[in-house]
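Me: I have some questions about how the labels on this model were assigned. Please set each value against its definition.

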Amino acid sequence: MRRDGHIIEEVVATDNMKASFRSVLRGKDRKCSRVGRYLLAHEDEVIAELQRRIADGSYRVSGYREMNIVEAGKLRKIQVIPLKDRIAVNAIMRVVDEHLHRRFIRTSSASIRNRGMHDLMEYIRRDLAQDREGTRYCYTFDIRKFYESVDQQVAVAAVRRVFKDEKLIAMLEGFVHMMPQGLSMGLRSSQGLANLILSIHLDHELKDRLGLKYYYRYCDDGRVLAGTKAELWKVRDAVHRCVEAIGLEVKSNERITPIEEGIDFLGYVIYPDHVRLRKRNKQNFARKMASIQSKRRKRELTASFYGMTKHADCRRLFNQLTGINMKNFKDLGVAYTPADGKKRFKGTVISIRELVNLPVIVHDFETGITTEHGDDRCIVQIEMNGEMRKFFTDSEEMKSILQQIREMPDGFPFETIIKSEQFGKNKTKYIFT
């Protein structure tokens, strides 16, 4: 595995440090606290000091205090570090997480940029819809007291497997050894390190070596889908081997169930053709709404509950518990009309040079677009390998052809291959063929 170096330079970059400062000093409570006011008044000095300590590798967390919180009905003890330390840890992990991101499998989630529970749920729903026979059964497993049980030497070895910058490694080792054992449940670095450990020792083992097609992980909670129970019993044995090899243990409540019973995961129960909210979440919301009198607090709870129910088939439930009829956006019949009257196309921009000799489907176009390269450009909406993309062109020939096709009945969409032709002195033009 190729290791990454020169990470410290990215960490101490002024833009990264300032972004971390703003991220930590967000919210009225933090800004108005005694420490928050001091940090805001001495922002440049604080950033300069942290840059120096990180750059020479001497930075270490100065200390922490512990506090108890109740999460999902469980009492947890988390560690809280000073605000100044949070800025440094945030700056380090913003860069570290970016380097780790590409190493994670696509169906792992939790504390990974752009990969929340709803993103992962959409993958599961898609797989259930596309392969009913291959997803008839589900294996459910969870790792027992994961953060408290992590072997610190395993965490350090995982860091050294990915990075070769000794200063960075020393600071990450400091984060790991902040606790007598396991990983801190309150430190920003623990989330990324936990994902790294499970990525190396579980995710890639199951996906690469075992060739699992339908495997999903949210932190230390995993699900595997397969066509038969026999396949999942083999998967179960492999999961136990992987987890026990790094000193962890799978909870005894693991099970293999038919998909018709639903996949209890991510706060929802996912069925082949619909999704319901987990029973505990419904009950908690109903009890809270019945116990509070503040209208403002009820509005806040309702908004939070709406955020959960809108990702499931729960319109009737939302109406029963709140008295509000949740409409579907597509039923409202509203659409945005840009002030300039120009169409807005979906998809990322691709250079026309990258489309040469490739089959594409042209869906639409819009002229008179101003870009950094000039005015009166044309933007073309295309479909490439099932994905919507768009490109800009200043070719009068392409504009003319597209305009002629627009005037034809059923002219759009049409299939074509874009070719390049040389003309004049080292000039290139692109044409539809």
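**Labels and their cut-offs**

Reply: The mean positions of the 78 positive and 59 negative charges of the protein chain are 6 Å apart. Lys and Arg count as positive and Asp and Glu as negative, with His and the chain ends not counted; the place of a charge is NZ of Lys, CZ of Arg, CG of Asp or CD of Glu. This is a predicted model, in which local features need pLDDT of at least 70 and side-chain atom pairs count only at pLDDT 80 or more, while totals for chains, interfaces and linings use all residues. Residues are numbered from 1 along each chain as its sequence is written, and side-chain values use heavy atoms, with hydrogens and water left out.

Me: Why is Ile54 called buried?

Reply: Buried means under 20% relative accessible area, exposed means over 50%, and partly exposed lies in between (1.4 Å probe, protein chains only). Ile54 has 0% relative accessibility, so it counts as buried. In the protein chain, buried residues make up 44% of the 433 residues.

Me: Which residues are in contact with Ile54, leaving aside its neighbours within four places in sequence?

Reply: They are Ile8, Val11, Val12, Met17, Tyr59, Ala88, Ile92 and Met171, where contact means heavy atoms within 4.5 Å. Ile54 itself is found in helix 5 (residues 43–55). Helices are DSSP runs of H or I with at least four residues, strands are runs of E with at least two, and both are numbered from the N terminus. The protein chain has 17 helices and 16 strands.

Me: What makes Val70 exposed?

Reply: The relative accessible area of Val70 is 64%, so it is exposed. Val70 has its place in strand 1 (residues 65–71).

Me: Why is Asp376 called partly exposed, and what is the label of Asp410?

Reply: Asp376 has a relative accessible area of 42%, and is therefore partly exposed. Asp410, at 75%, is exposed. Asp376 is in strand 13 (residues 374–384), whereas Asp410 lies in the loop between helix 17 and strand 15.

Me: What is the phi of Asp376, and what is the phi of Asp410?

Reply: Phi of Asp376 is near 55 degrees, a positive value in a residue other than glycine. Asp410 is not a glycine either, and has a positive phi of about 60 degrees.

Me: Which form does the peptide bond from Phe412 to Pro413 take, cis or trans?

Reply: The bond is cis, with omega near -5 degrees. Pro413 is found in the loop between helix 17 (396–406) and strand 15 (414–423).

Me: How many cavities of 30 Å³ or more does the structure hold?

Reply: One. A cavity is a set of points, on a 1 Å grid over the protein atoms alone, where a 1.4 Å probe fits but cannot get out; lining residues have an atom within 4 Å of a point. Grid points are joined across faces, edges and corners, and a volume is the space filled by probe spheres set on the points. The largest cavity has a volume of about 40 Å³.

Me: Which residues line the largest cavity?

Reply: The lining consists of Ala110, Ser111, Phe146, Tyr147, Gln191, Ala194, Asn195, Leu198, Arg217 and Cys219. Helix 8 (146–149) and helix 11 (188–209) are the elements that give two or more residues to this lining. Helix 11 gives the most, with four residues.

Notes
On a 1 Å grid over the protein atoms alone, a cavity is a set of points where a 1.4 Å probe fits but cannot get out, and a pocket is an open set with protein on both sides within 12 Å along at least five of seven lines; lining residues have an atom within 4 Å of a point.
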